[in-house]
Each structure stands twice: as structure tokens, then as C-alpha cells.
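Come along and check each one against the view below.

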Amino acid sequence: MNNISFSKAQDIKSAINTAGSTEKEVRYIGGGTNLLDLMKYRVENPDQLIDINHLDLSEIKSTDDGGLVLGATVTNADTAYHEKVEKNYPLLSEAILAAASAQLRNMATNGGNLMQRTRCYYFYDTSMPCNKRLPGSGCAALEGFNRIHAILGASEHCIATHPSDMAVALAALDATVLVSGKEGERKIPILEFHRLPGDTPHNETNLKKGELITGIELPKKGFSMHYAYLKVRDRPSYAFALVSVAAALELEGDKIEDIRVALGGVAHKPWRKPEIEKEFQQMTASRENFEALAKKLLEGATGYGDNDFKIPLAKKTIVRALTEAMEK
Ligand SMILES: Cc1cc2nc3c(=O)[nH]c(=O)nc-3n(C[C@H](O)[C@H](O)[C@H](O)COP(=O)(O)OP(=O)(O)OC[C@H]3O[C@@H](n4cnc5c(N)ncnc54)[C@H](O)[C@@H]3O)c2cc1C
């Protein structure tokens, strides 16, 4: 049995100081819906848990420039059903509500959602090699059953995917993650928050030791007219995405003023390429152009056998999501 110390953080500063100034394995705990499972499977073995639910991070606030800050400990359910999120960022509401179950969304927090870990079977099975769980041990998924694994941005060390639906919508919306650490506060654009696996798949985000997510900032532009979150999975609920697409359009007649496409279930992080989106601005919103964008976004996609089907599936899902967004 492992001894674990548990404390309730009274303020942000002391939480950060405790987590950032020790050699021990410290984890913040939000809803506990992922961390406690990982501890039960002995995938994660922290020495210390810091409960952050009493910190002043449980509100959704408007920003001066018309955006919104989602507190880190606001639950996924309260976020999805918040009046301003439903009205101005329906893409985000839809993505959150496509995830997990009502009970889980009532517990899961926004910070914990971004930090949730992969659902790779070999990561959870401590009898198998996994570079993410035990650096240097190998990747059992490469030659194993890899139906749910990555087709983009993977490496010879890890082909796991990031499982969050919320993060995919946040990527399309150009959200910013607000963090606090011993060196102060900083803002990390969502596309720079999660990392590709490279040769350090155990480093999943660009958070530094002890840094705490305090909130997620949404810019004013919410694409509330033309959006779609399309999640393809094995069952219609309570299942992670095989492929998901967050699509958002700003249209002037049938001309594309702005276009965003982020993919989930296909990489170690939400997959989005703003430079490709730019090429399609001022073009006609048409199936032909959506297919061309999908082709470019999936350039370099590689299957590992069981997940080869994800490449054509992703292409079709992108086109369908953009078409749904256009027709809304
Ligand atoms: C059966 C099941 C099905 C699911 N299906 C889906 C799905 O379809 N789609 C989907 O997106 N998700 C799904 N989930 C995952 C669920 O969304 C996550 O478990 C949840 O969002 C994690 O939030 P939490 O607050 O419970 O995190 P916790 O379990 O409390 O923490 C998770 C990690 O985040 C860290 N952490 C928490 N808060 C902070 C913070 N503020 N700053 C820094 N680090 C922090 C913790 O230290 C820990 O490492 C499912 C989960 C289960 C159990």
C-alpha cells in the first residue's frame, strides 16, 4: 500500500508552492474522475494530492473584450449549460456534452479535462511496456492492437491519442489556458498547451512543475452561427472518439471569411493547422473545397494496421462537419 498525503488548498499561492517546491510526486485533484482511476490501476502513484476545489476558480466570468474565462474548477456540466457558453460558444457546449456521461460531467472540471490522460490500453496495463507510463520501456501499441491510436504526429515512441472532446472545441475556438506557477502567471495558447509525443511521450503538456491551470479564456469570436462538433465512436454515448471534428465557419454569402477545423481522436493533441485554414479564406464554401481542405489537413497521416480506417473516416468526417456547419 502506498501512503498518500491529502490536503485541501486554501489559496492558489500555497497550492503552487507546495506542488512546485518538492521532489515528491504531487497531483492536484479536481473531480478525480481520471486521476482516481489511474491510481486504482497503479498507473499513477502520487505521494501527495492537493484538492483544489475550494480555490476561487469556480466561476465563469466575462472579459473586458467580450470573451469569457471559464474557471478551472467549474464542472464540465456547468460550463456546457452556462447561458453565455450555450449562446456564444455552442460548439464548446456540444463538444462537452458529447463526452462521457451526465454523472461524469457533473464531477469533471475544466482543468482536469485538459489534463486527462490517454485511453491507450497499454498505458493502463502495467504488465505491458509503455514509454508514457515508464519512459524507455517501449510502446506495445505499435505492434499491438492499435484501433484507437494516432494517425497524425505520432512517433516511434508513442502512438497514443489525447481523449478530450472539450480540448478539440477549444482548439477550434483559439482558447488560451491561464496558468499560475512559482514564477508567476502565464497564458498558453491551447495549440501550444499539449505536446506531440516525440521521444518524451510522458511529457504531455507544456506545464512546468507545480503549475496550476486557473482558467481557460475564450476570445470574443465564438462562431455561434455556423459550427458543428461531430464525434464518431463505437456507441452513441459513453465512448471516446475514434475521430472527432470541431468545425466552425464565418460566411459572407457563400464566401468563407474564416474557417476552423480541429480534429480529435487522431493525435497526441488536438490537431489543427491554421496555415491550411488561411488558404481557404475567401474561397467558396463548397463540398469540393472542404474535400481539398480535408486532404491537406490529413497529409502525412499514417495508420498502424488496426487504425488504418481512421484516415478515410477522418476525411469524410471533416467534410460532413463543415457541410453541417455551413448549412446551419
Ligand atoms: C467512463 C469514462 C468515460 C469518459 N468519456 C469521455 C469522453 O467521451 N470524452 C472526454 O473528453 N472525456 C471523457 N472522459 C474523461 C473525463 O472527461 C475526465 O476524466 C475529466 O474531464 C477529468 O476531469 P477531473 O476534474 O475529474 O480531473 P481529475 O481526475 O481530478 O484530474 C485529472 C488530471 O488533471 C490534473 N489536474 C486537475 N485539475 C488541474 C488544474 N487545475 N491544474 C493542473 N492540473 C490539474 C490532475 O492532477 C490529474 O493529473 C471519460 C471518463 C470516464 C471515467
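Entry 1: I began with Lys 221, which is partly exposed at a relative accessible area of 36%. My cut-offs, taken with a 1.4 Å probe on protein chains only, are under 20% for buried, over 50% for exposed and partly exposed in between. Lys 221 forms a salt bridge with Asp 258, and their closest N and O atoms are 2.7 Å apart. I count a salt bridge when a side-chain nitrogen of Lys or Arg is within 4 Å of a carboxyl oxygen of Asp or Glu. Asp 258 is buried, with a relative accessible area of 8%.

**Ground rules.** I am reading a predicted model, where local features need pLDDT of at least 70 and side-chain atom pairs count only at pLDDT 80 or more, while totals for chains, interfaces and linings use all residues. Residues are numbered from 1 along each chain as its sequence is written, and side-chain values use heavy atoms, with hydrogens and water left out.

Entry 2: Helices (H or I, at least four residues) and strands (E, at least two) are DSSP runs, numbered from the N terminus.

I then turned to Arg 287 and Glu 291, whose side chains meet in a salt bridge (3.2 Å, N to O). Both lie in helix 13, 4 residues apart, about one turn of the helix. Arg 287 counts as exposed at 55% relative accessibility, and Glu 291 as partly exposed at 30%. Elsewhere, salt bridges that share partners join seven side chains into one network, among them Asp 174, Glu 250 and Arg 260.

**Entry 3: rings.** I found 4 aromatic pairs in the structure. Rings of Phe, Tyr and Trp (its six-membered ring) pair if their centres lie within 6.5 Å; planes under 30 degrees apart are stacked, over 60 edge-to-face and the rest tilted. Why is the pair of Tyr 41 and Tyr 124 edge-to-face? Their planes stand at 85°, with the ring centres 5.7 Å apart, so the pair gets that label. Tyr 41 lies in the loop between helix 2 (35-40) and strand 3 (48-51) and Tyr 124 in helix 8 (residues 121-124), so the pair ties together parts that are 83 residues apart in sequence.

Is Tyr 124 buried or exposed? Tyr 124 is buried, with a relative accessible area of 14%. Its ring also pairs with that of Phe 123, the centres 5.6 Å apart and the planes at 85°, so I wrote down edge-to-face here too. Phe 123 is buried at 1%. Ring pairs link Tyr 41, Phe 123 and Tyr 124 into a cluster.

Entry 4: I traced an open sheet of 5 antiparallel strands in the order 4-5-8-6-7. Strands pair if DSSP finds at least two bridges between them. The edge strands, strand 4 (60-62) and strand 7 (184-189), each pair on one side only. Strand 6 (residues 176-181) is joined to strand 7 by 6 bridges, and Val 179 stands opposite Arg 186 in strand 7.
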